[in-house]
Amino acid sequence: MAEQEDGRPDPDALLAQVQKEEAKARKGRLKIFFGAAPGVGKTYAMLLAAQQERAKGVDVLMGVVETHGRDETSALTEGLSLLPRRAIPYKGVVLEEFDVDAALARRPALLLVDELAHSNAPGSRHKKRWQDVEELLDAGLSVYTTLNVQHLESVNEAVQRITGVQVRETVPDRILQEADAIALVDISDEDLLQRLKEGKVYLGDRGQRAMGHFFRKSNLIALRQLAMRLAADRVDLELQQYRSHNPLDEGHGGGRDRLLVAVGGHPEDEQLIRTTYHLATALRATWLAVHVDTPDGLIKQPQAHAWVWNHLHLAESLGAETVRLTGIHAAREILAYANLRDVTQIIVGQPLGLKKFLWLWPGSPLARVLSSERWVDVLVHPLQRKTARNEDRQTANRQYLGIGISSQQRRQRLWHYVISAGIGIGLSGMAWYLGTARIGMADAFMLYLLGAVGTALVYGRWPSIVTLAAAITSYYAFGLSTGLPNTLGSLLSFAIILSLSLLISQLVARSREQEEMARLRERRVRNLYNLAQSLSTVRAKEDIIQVTRQQLKETLGLSVVFWLPDGEGKAGDQIHPFPPDSQLPEEGDALMAAARWSYRNKKMAGRGTDTLPDVPALFLPLPGPRFPLGLIMIGELDIRHMPMDWQRFLETVARLVAVALESAIQFAKSRDAEVQLQVEQLHNALLGAVSHDLRTPLTSVVGAASTLQHGGGLTDDERDKLIANILSESRKMSRMVGRILDMARLQSATMEIKKEWFPLEDLVAAATQQVEVLLRDHPLTANIAKDFPLLHVDGHLIEELLVNLLENAAKYTPSGAPIEIEGWDGQDGLNIRVIDHGVGVPPGREEEIFRRFSRVKPPTGEGGSGLGLAICDAIAHLHGGKIRVNNRVMSRGAVFTLTLPKEVPPPNPPEEPKA
């Protein structure tokens, strides 16, 4: 366990260890029965261990078990359940493969999956069986499996050198490293050969042929040594891990070396990756695989991208951290990155054959690395040119480079060379026209230099060299010189002028490449900036998806389809295209399967990946807290065709979109929470208002009614007072319930108002009559302008509004103080004002008092329900108007002003003629 300087455990290391243990606890356990060759008894040992587990009561299921007709092996399958295989039609025949979905549905405690390196039939979800096993482990299923040493990726070339056989089916070494247990199944080479002779490995003549090729005694000894060494490395790794978690053993293991391997676009660089892996394993060191995208590689050598992708993918499968850098000088970028990451050793390749004499050329990357000032060791590994894998080259070109350079690009490049050669010949023609008497060789070469520089600016490095070569050739062809330079001075002048021309043209071409590199970088950063800026301005999920699709279409020319889950990111959520009417390819079922797998496993799937590669689209997850927030489906792109590391660019886009979607989800949740809080507050306020405003009158009514029922000696006057009290309190409760119902009705979406034409005087008179009892202690004056027009309103609602305003004024105005009503035609609309001489509105609460259940304590008595002014505000908005309040300036009191929109009244009907 790592410690800080004060001796305490490092909290980051503790957290990482806890997270690692939690992730491991969720996964199933993997045990690999590991052997040096077929026939050593791996399947027998696996079945024997499975029978022992079955005897303990463990649910054991045989997913795939290959007995190869061996009776002793078949006998161990008795009593074990067998999972039916999945039938896959392929080219007129039906192939049977392991059924991953059936195993996931059955969910046994222990699953037997033989032959881990097996390649699945085309049409399967994964290309390799080890990928099926990974999915089973991620789902929590424990697996027993078998593996031969020759199928490990890191020893592929070593096995080929030992046996002379190229093994096509390989398994990443991390599978062996991450296994919970490894059982080395080993027998001596004599016993294995004896089993082969007895027909216990291969049946018939196949065993005899195998003894003469793969199963030679020297091969078996070397393979046993290789298997034992790998098993010993695994045990040593377990020992190092144990010591790192036990303070008593701390300091006995674990190096701090970090290796970096520089890979390029050549197939021979696979040797570098495997060599670095073995070196890192021996040193217990972390290692990096780095490729530098230069202008020449990015623009003029698109075929190399397939090999670069293969190398980096291989390095990742062997446990390396892969990085792609961009720069003009590969060596400079590698050294800078090595210094940044505290690399201790750099591994670079030296080609053999004729190319081995060019590695000391001052401009080569290897020479730059060796000659630079550095604080890191450089290991030069000789590379052998690969000639025996033409089939692999053709397959890689066919699968990963399918498009390559289009015919249009090839014709355009050829046309550039033709134009460049024509410029050189044209310059010589110009020199011939001017004549040798007017210009000499130096002047002609200056003219050629001008043409080469111009060509370098427009077309690049190689066209400028073609221009210079064509010019020099035609210089002698036009007879501008009677022969080659024959004196030392002439030769020196010729060499200097030619060298200067080449140097200047190359410098110009390099500046053009640097400009192109800067433009590529700027375009990528600008695209990300535009996307981030656009996403920052939207909040809705639909807007985020629309903005992303538009940006990717405009910047990269990609038409993408989003797939979103129907829940909030859970294991059982289903994934569907969004919007539902999105145009999808014809392979709908295959797309659905790939989308579900990518969502549940949080990994890329589809075209260009190792999972469902036959699906005609690439699925890119949008990372979320637990499960992806969705998927981006790209139909026109294969990640193995991407220059400029588009895979990481698209992953960055996916992260930006995921952040925006997560923000939209949180915004929607906060908005819903705010609405829910307001609803709860409204419910609490309603409950408080009902309990407070109804309880008092209800208690009074119950008390008065009880007195009437049991009071036999009441006088008529006392009985009348009790009845009057019951009627008064009942009216209060009726008004309270009526206001609650009115508030609910006014805020209903189906509320409709019926407008008619009314004079304001009639509405004021009707409202005054309803509150006549409340206004008996308050003189009421109405000052309505003579030119006040008719109101086009719902008379009942406006009457209710005026009743509430007058009731509010009477409640907060002292006895004897007047209440005034005014009406006038203003510029902003028709204004109706109710003025009281009470306590006024507390400062800062001018808008709050129009909210539901907002109350202000009056000087005497109790306040209202807090619904009257809210009803006034709702009625005003239904009529397209507004209501506001402010305190009087010169004296006490509040002024409530209702403003309604002006409407042209209908013309007066014509008067009937008098008889």
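Strand β14 (residues 560-565) and strand β15 pair in the antiparallel sense over 4 bridges, where helices (H or I, at least four residues) and strands (E, at least two) are DSSP runs numbered from the N terminus, and two strands pair if DSSP finds at least two bridges between them. Within this pairing, the bridge partner of Leu-564 is His-576 in β15. The model is a predicted one, in which local features need pLDDT of at least 70 and side-chain atom pairs count only at pLDDT 80 or more, whereas totals for chains, interfaces and linings use all residues. Residues are numbered from 1 along each chain as its sequence is written, and side-chain values use heavy atoms, with hydrogens and water left out.

The two strands belong to an open sheet of 5 strands, ordered β15-β14-β18-β17-β16, with antiparallel pairing. Strands β15 (575-578) and β16 stand at the edges with a single partner strand each, so one side of each has no neighbour in the sheet. Helix α21 (residues 541-555) packs on this sheet through β14 and β15, and its direction makes about 155 degrees with that of β14; contact here means heavy atoms within 4.5 Å, and axes are lines fitted to C-alpha atoms, for helices over the stretch in contact, with angles running from 0 to 180 degrees between N-to-C directions. Helix α22 also packs on the sheet, where it touches β14, β15, β16, β17 (618-622) and β18 (630-634), and its direction makes about 30 degrees with that of β17.

The loop between α22 (588-601) and β16 (605-606) contains Lys-602, a residue that has a positive phi of about 60 degrees although it is not a glycine. Lys-602 counts as partly exposed at 48% relative accessibility, where buried means under 20% relative accessible area, exposed over 50%, and partly exposed in between (1.4 Å probe, protein chains only). Another non-glycine residue with a positive phi, of about 55 degrees, is Glu-115, which is placed in the loop between β6 (110-113) and α5 (129-138) and is partly exposed, with a relative accessible area of 29%. Most residues other than glycine have a negative phi.

Leu-661, which is placed in helix α23 (residues 646-710), is buried, with a relative accessible area of 4%. Not counting residues up to four places away in sequence, Leu-661 touches Lys-541, Ile-544, Leu-622 and Leu-629. Leu-661 and Leu-629 are 32 residues apart in sequence, and their C-alpha atoms are 7.3 Å apart in space.

A further open sheet is formed by 5 strands in the order β20-β22-β23-β25-β24, with mixed pairing. The edges are held by β20 (780-784) and β24 (882-887), each with a single partner strand, so one side of each is left without a neighbour in the sheet. From one strand to the next, the twist averages 15 degrees. Strand β20 is joined to β22 (residues 819-825) by 5 bridges, and the two run parallel, with Ile-784 opposite Gly-823 in β22. Helix α27 (residues 868-878) packs on the sheet by touching β24 and β25 (894-900), and its direction makes about 135 degrees with that of β24. Strands β24 and β25 run antiparallel and are joined by 6 bridges, with Ile-883 opposite Leu-898 in β25. These two strands form a hairpin with 6 residues between them, and Gly-893 in the turn has a positive phi of about 125 degrees.

The axes of helix α25 (residues 760-770) and helix α26 (residues 795-812) come within 9 Å and cross at roughly 50 degrees. Helices α25 and α26 are therefore oblique to each other, given that angles under 35 degrees count as roughly parallel, over 145 as roughly antiparallel, 65 to 115 as roughly perpendicular and the rest as oblique. The contact involves Leu-763, Val-764, Ala-766, Ala-767, Thr-768 and Gln-770 of α25 and Gly-795, Ile-798, Glu-799, Leu-802, Val-803 and Leu-806 of α26.

The largest nonpolar core holds 57 residues, of which Ile-32, Phe-34, Phe-98, Leu-112 and Leu-136 touch the most other members; such a core is a set of buried Ala, Val, Leu, Ile, Met, Phe, Trp, Tyr and Cys residues joined through side-chain atoms within 4.5 Å. Helix α10 (residues 217-244) gives the most to this core, with 5 residues. A second, separate core of 38 residues includes Leu-791, Leu-801, Leu-802 and Ile-832.
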